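Welcome! Take a moment to turn the model around on your screen before reading on. The notes below will walk you through it, topic by topic.

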Amino acid sequence: MSNFIPYIIPLLLLPLFLYFISFLRRKSSGNLPPGSNGYPIIGENMAFVLSGPQKFIKDRMEKYSPEAFQTSLLGETMAIFCGPQGNKFLFMNDNKLFTSWWPKSLKKALLSPAYSDRDLKELTAVRHTFHHEILKPEALKQYIPVMDALAREHLDQFWKPNSVVKVFPLAKRYTFDLVCRLFLSLVDQNEIKRLSDPFSLVVGGIFSLPLDLPGMAYNSAVKGGKMVREELMRIIRERRKEMMEKKEMEGRDLLSKMLLVRYENGEYLSEVEISNNIIGLLVASFETTSSAVTAVINYLAELPHIYEEVFKEQMNIAKSKGPDEHLTWEDIEKMKYSWNMVRESLRLMPPAQGAFSEAITEFTYAGFTIPRGWKAFWNVHSSHKNPKYFPEPEKFDPSRFEGRGPPPYSFVPFGGGPRMCPGKEYARLEVLVFMHNVVKRFKLEKTIPSEKIVFQNSPTPVHGLPVHLYPHEK
Ligand code: HEM
């Protein structure tokens, strides 16, 4: 018995020690935001999925606080910041109080396990340089005729032969083909398919329950991610070889530009780093932009008076051009009503729900203490449908965006502050160009007038948004 005494004493003291630690933590954590962490391990994930982000957030703002509340999602204790003030606070304090954070499950599915240990800050700086390079106004101007030509091709091939089309899958196809053409110079459909098939597995499962077990959507996402990376690595190596043979020193697209970029010490980016960056860009742009196109077509097909206004504006532009002449930047600038219509669609059906970050220090917000290491989430839901900022919030009314528009930080489909979506202008062009081509050729009507919209990665019409097409020219 005496042999056990040295072990028994620490065991008896352990609960006391744990209590003391938790007391100290509570003391240092002050007044935490109100809320619930749900059940052990699963937290409030089920409630979030079952009620959808919009209702989940609205219910808790009413129950706990309209400013911030705590919850447990994705295995993390999290403060959800609400309303324009919450949005502004997170946007303005990026890199001061917060740093960006992504769930581990997402990184596992998307990024190569051989991801370099290179200082993340250095890599982020280089990534921002690409984003600036490929998304700057001069580059965007050159994308417009390509977007226009591809929209015409797609409408001829996939829309025109049918009297009914499913918009969401076709919008995804257009968005993916476009990104492949513009950023990787891929036009061959077989080559695109080798990327798009596994990529759809990725987007179908990255935000599902992160159980990497056979038969689970997350497991397919992990497998799909591996296949996308392998295919990208093949494309990158081939291009590197081609560039070396031709001594190509000008970046003709995103891929060539990435292959030419160097760190300050003169080293080129590794192929793994390039592949990770391209995947990041594909994920950020694909569902979001496809969902935005789908939302716009949804409202055009549902609201004839809105369609008429858009049609008038777009036909004035179409009539000012020859039939084979492509859209230009100047034409886009004339699409004022149409852009307000797109913004109203983004308000009511925001493709991105918000973004995560991690508190790098303890701080106070609205009287609540947010401990260091907690995750934070700003979101579109606490302001986009709030009657305080958008009277009659369920009404579709593009005129809200006329004049000074909505109050600052209340309309945030692209986020704000230093991390605001760098693809905002690209998305604007893609949606407007596609919309121009659709209304120029067809009048639309939903085949399922009250088709349910569910929140998966983005708002998703459960039947893919089937619409009747009525061509203007028979
Ligand atoms: C309607 C379409 C789109 C919406 C609604 C959207 C929305 C967003 C949002 C909310 C963020 C997070 C901002 C934050 O962290 O606070 C973001 C980040 C980002 N978006 Fe978009 N986006 C769209 C299209 C695009 C496109 C077309 C591209 C690229 C061509 C793109 C590239 C990115 C990238 C690279 C980031 C990460 C920026 C960073 O962390 O520094 N997005 N987007």
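What radius of gyration would a compact globule with 474 residues have, and what does the protein chain have? A compact globule would come out near 23 Å, and the protein chain has 25 Å, so the two agree. Please keep in mind that this is a predicted model.

**Overall build**

- The protein chain contains 16 helices and twelve strands.
- Along its principal axes, the C-alpha atoms of the protein chain fill a box of roughly 95 × 60 × 40 Å.
- Of the 474 residues, 49% count as buried.
- The protein chain exposes about 23900 Å², and carbon and sulfur atoms supply 59% of that area.
- Take the contacts between residues at least 6 apart in sequence: 72% of them join residues at least 24 apart.

**The iron and Cys 421**

- Which residue is the only protein donor of the iron atom of the ligand? That donor is Cys 421, through its SG atom at 2.3 Å.
- To find Cys 421, look in the loop between α15 (381-384) and α16 (424-441).
- Cys 421 is partly exposed, because its relative accessible area of 32% falls between the 20% limit for buried and the 50% limit for exposed.
- An unreviewed UniProt entry places the feature "binding site" at Cys 421.

**The nonpolar cores**

- Here is a general idea to start with: in soluble globular proteins, nonpolar side chains tend to be buried together.
- In this model, the largest nonpolar core has 99 residues. Trp 159, Phe 183, Tyr 426 and Leu 444 are those with the most contacts inside it.
- Helix α11 (residues 271-302) gives the most to this core, with 14 residues.
- A second, separate core has 19 residues, including Phe 89, Ala 359, Tyr 365 and Ile 370.
- What does Trp 159 touch, if residues up to four places away in sequence are not counted? Its partners are His 154, Val 165, Val 167, Leu 170, Ile 297, Phe 434, Val 438, Phe 442 and Leu 469.

**Thr 289 in helix α11**

- Thr 289 has its place in helix α11.
- Is Thr 289 buried or exposed? Thr 289 counts as buried, because its relative accessibility is 5% and the limit for buried is under 20%.
- Leaving out residues up to four places away in sequence, Thr 289 touches Thr 175, Ala 427, Glu 430 and Val 431.
- Thr 289 and Ala 352 are 63 residues apart in sequence, while their C-alpha atoms are 9.6 Å apart in space.

**Two residues with positive phi**

- Most residues other than glycine have a negative phi. With that in mind, look at Ser 185 and Leu 465.
- Ser 185 has a phi near 55°, a positive value in a residue other than glycine. Its place is in the loop between α7 (167-184) and α8 (189-205).
- Leu 465 also has a positive phi, near 55°. You can find Leu 465 in the loop between β11 (459-461) and β12 (466-471).
- How exposed are they? Ser 185 is partly exposed, with a relative accessible area of 34%, whereas Leu 465 is buried, with a relative accessible area of 2%.

Notes
Residues are numbered from 1 along each chain as its sequence is written. This is a predicted model: local features need pLDDT of at least 70, side-chain atom pairs count only at pLDDT 80 or more; totals for chains, interfaces and linings use all residues. Side-chain values use heavy atoms; hydrogens and water are left out. Donors are N, O and S atoms within 2.8 Å of the metal (3.2 Å for Na, K and Ca); water is not among the atoms, so sites may look incomplete. Helices (H or I, at least four residues) and strands (E, at least two) are DSSP runs, numbered from the N terminus. A nonpolar core is a set of buried Ala, Val, Leu, Ile, Met, Phe, Trp, Tyr and Cys residues joined through side-chain atoms within 4.5 Å. Buried means under 20% relative accessible area, exposed over 50%, partly exposed in between (1.4 Å probe, protein chains only). Contact means heavy atoms within 4.5 Å. The radius of gyration is taken over C-alpha atoms; the globule rule is 2.2 Å times the number of residues to the power 0.38. Accessible areas come from the Shrake-Rupley method with a 1.4 Å probe; for residues, only the protein chains shown count as cover. UniProt positions are given in the numbering used here, feature names are shortened, and annotations may be inferred rather than shown by experiment.
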